[in-house]
Structures are given as structure tokens and as C-alpha cells.
Amino acid sequence: MSAPTRREFLARSAALGAAALLPRFALGQAAAPQAATAPATTLPPDMTIARWGGTEVPTDLPVKLVREALGALGGMGRFVQKQAVVWVKPNIGWNRKPEFAANTDPQVVGEIVRLCFEAGAKTVKVGDFTCNEARACYENSGIAPAARAAGAQIVYLDKSRFRDMTIGGRRLKEHPVYPEIVECDLVVNVPVCKHHGSTQVTLAMKNYMGVVENRGFFHQDLPTTIADITRFMKPRLSILDAVRVLTARGPTGGRLEDVKTFNTVAASVDIVALDAFGSELLGHDPAKIGTVAMGAEYELGRMDYRALQLKELQVA
């Protein structure tokens, strides 16, 4: 089954009609199962949400959640062509252990790598342009060991290899981007859901700041520049890690008392919808989050994710 193009997806989304956002933004309470309002269809879902519904939490829960979320979305084969080169883009920005939830969960990353190979990928690369020293971030986050064990190539982004590319955005006209990421057949965007001191939340769209150099320029106008780079990257698949969620003092964190366990993984072809869901998990109205509102204004997706073909699963 081939992946829908952006044009096909947006046309289909528009046909579903508008649905009002429900005013319930308590921390961790987004998207009750009965909220899905889209009509029945034979098309695969646009978005899936897998939550743990059992009692005792298994140690491999992130693996189970990823498999359920991707399976319900149509499987990784919906996105990965045979012999494809895939770049898995987690958040590896910080020299933090997994329990601090500043980076994407290593089990989530490892399982995504395995699913890419099972779908027929020739090569899977994992890398991010980190904020702290790269090797410390890669190893202490647990992401490099997990990705290696799953067969991925670990790539440290060489600052000298970024290349000016035409972005054509409102603020980003040209900007240095890492070419090896852009040249892959597929980029799987895998952010962790967490608080951010500047943008309130950091989710899938903001995760693309890890493919560019000169991030200082972004801070002049984060919503617009993030929307610019998101449109340039043409997102096809984003997977949100909300297993452990940093709810305060982000993006670096450092206090375990700020970390809450939501035991959730969501996947979507609509990056704005996914970020709207993540915003609600963190207790925010998505319309009041600048990056989400700008993404919707750019027509990169829709905030009212409950109007999509949405499938929610209780995993146990």
C-alpha cells in the first residue's frame, strides 16, 4: 500500500468537515476514546493513539505501544518502500538518562528501526544535531545502543557538512540543512512529548530543528521558522513518544519529579494533528500554542484531530 501524498491527505481531511475542539486540556487527559467523530471508511487511519490499559507495566511497554500504534496506522510498510534508505529522527538533544524524559525513549527508537527493516528498508540511519556534546547525548540517552542493537547506522552530524538550501519560507529563505537527511527516501520523525520554556511544548514540528544548523536564527520567531522548516521537510510519518513526559523545566529537565508517566505512543500522517494531541496531553489548548497554530495556518495539517480518521487503542 503506498503512502498518501500531502495533496491527497489534505483533500481527504478537508472532506471530513470541521469538528470543534473540546475544552478539556487537563494534563494527560487528551482524546477520550469516544471523542472520534469521523465517518467510517476503508482508508487506513490518519492517526492512532496507543495507551497502556493494563495494571502491571511491562519493561518492554514502549515496544508494545509502538507496534500497536504503527500496526493500526497500516503498518510501517505503508511508508517504507523496499530497499529504501530511512532516517529515524529522534530527539537526542541532551546528555540525560532516559528516566529524565529529555530525549526520545530508546526502546521507542529501537523498535521503529526494527519495523523499518521488517518493512524492507535497506538502510536505517539514526541521528540528531544535538545541543549537548553529541557522543555523550547519543550514549547516555540510550538511543545509540538501542538503535545499534536493532541494526541502524548511528550518524553524528558533522557541522561542516550542513549545506545552504532554499527553504522558501516566510522567515527561512535559505538555511543550512543536513543533506544526508533530506536525501533519504523517508524521514521518520520521532519526538518526545515535553515542556519547553520558549514554546510551551516541544513536539513533532519543533523536532525538525535537529536537522538544521544556526538554530539561533529560529529563536527570532519560533512559530514561523518552525512552520517553514516543517513545510520544507514534507512530513509523512511522525511518531510521538509520550511514555515518560517531562512536564516542567524543559527542554533539558533534570528533576525526576517533573517527569510523569503517560504510557502513550501516537502516530500520524498529520504532523499538526499530532502536535495538537501532544499539546493537550501537556494541558494546553492547541490553538494557543504558537507552533501548532502556525502549522494549521500554513495548512500543514489540522488542529481538530478528532475529525480525522482516528483510532485509539488500549494496550494490555
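A: Angles between axes under 35 degrees count as roughly parallel, over 145 as roughly antiparallel, 65 to 115 as roughly perpendicular, and the rest as oblique. In this model, which is predicted, the axes of helix α8 (residues 222-233) and α10 come within 8 Å and cross at roughly 50°, so α8 and α10 are oblique to each other. The crossing in which α8 passes α10 is right-handed. On the α8 side the contact is formed by Pro-223, Thr-224, Ile-226 and Ala-227, which meet Gly-290, Thr-291 and Met-294 of α10. Sorted by class, this contact of α8 with α10 has 4 nonpolar and 3 polar residues, with no charged residues.

Helix α10 (residues 290-297) also has helix α9 (residues 271-281) as a partner, and here the two axes come within 10 Å and cross at roughly 155°. Because of that angle, α9 is roughly antiparallel to α10. The crossing of α9 and α10 is left-handed, whereas that of α8 and α10 is right-handed. From α9, the residues Val-272, Asp-275, Ala-276 and Ser-279 meet Val-292, Gly-295 and Ala-296 in α10. By class, the contact of α9 with α10 has 4 nonpolar residues, 2 polar residues and 1 charged residue.

Taken together, α10 meets α8 through Gly-290, Thr-291 and Met-294, and α9 through Val-292, Gly-295 and Ala-296.

Key. Residues are numbered from 1 along each chain as its sequence is written. This is a predicted model: local features need pLDDT of at least 70, side-chain atom pairs count only at pLDDT 80 or more; totals for chains, interfaces and linings use all residues. Side-chain values use heavy atoms; hydrogens and water are left out. Axes are lines fitted to C-alpha atoms, for helices over the stretch in contact, and angles run from 0 to 180 degrees between N-to-C directions. Helices (H or I, at least four residues) and strands (E, at least two) are DSSP runs, numbered from the N terminus. A crossing is left-handed if the near helix is turned anticlockwise from the far one by less than a right angle, and right-handed if clockwise. Contact means heavy atoms within 4.5 Å. Ala, Val, Leu, Ile, Met, Phe, Trp, Tyr, Cys and Pro count as nonpolar, Asp, Glu, Lys and Arg as charged, and the others, Gly among them, as polar.
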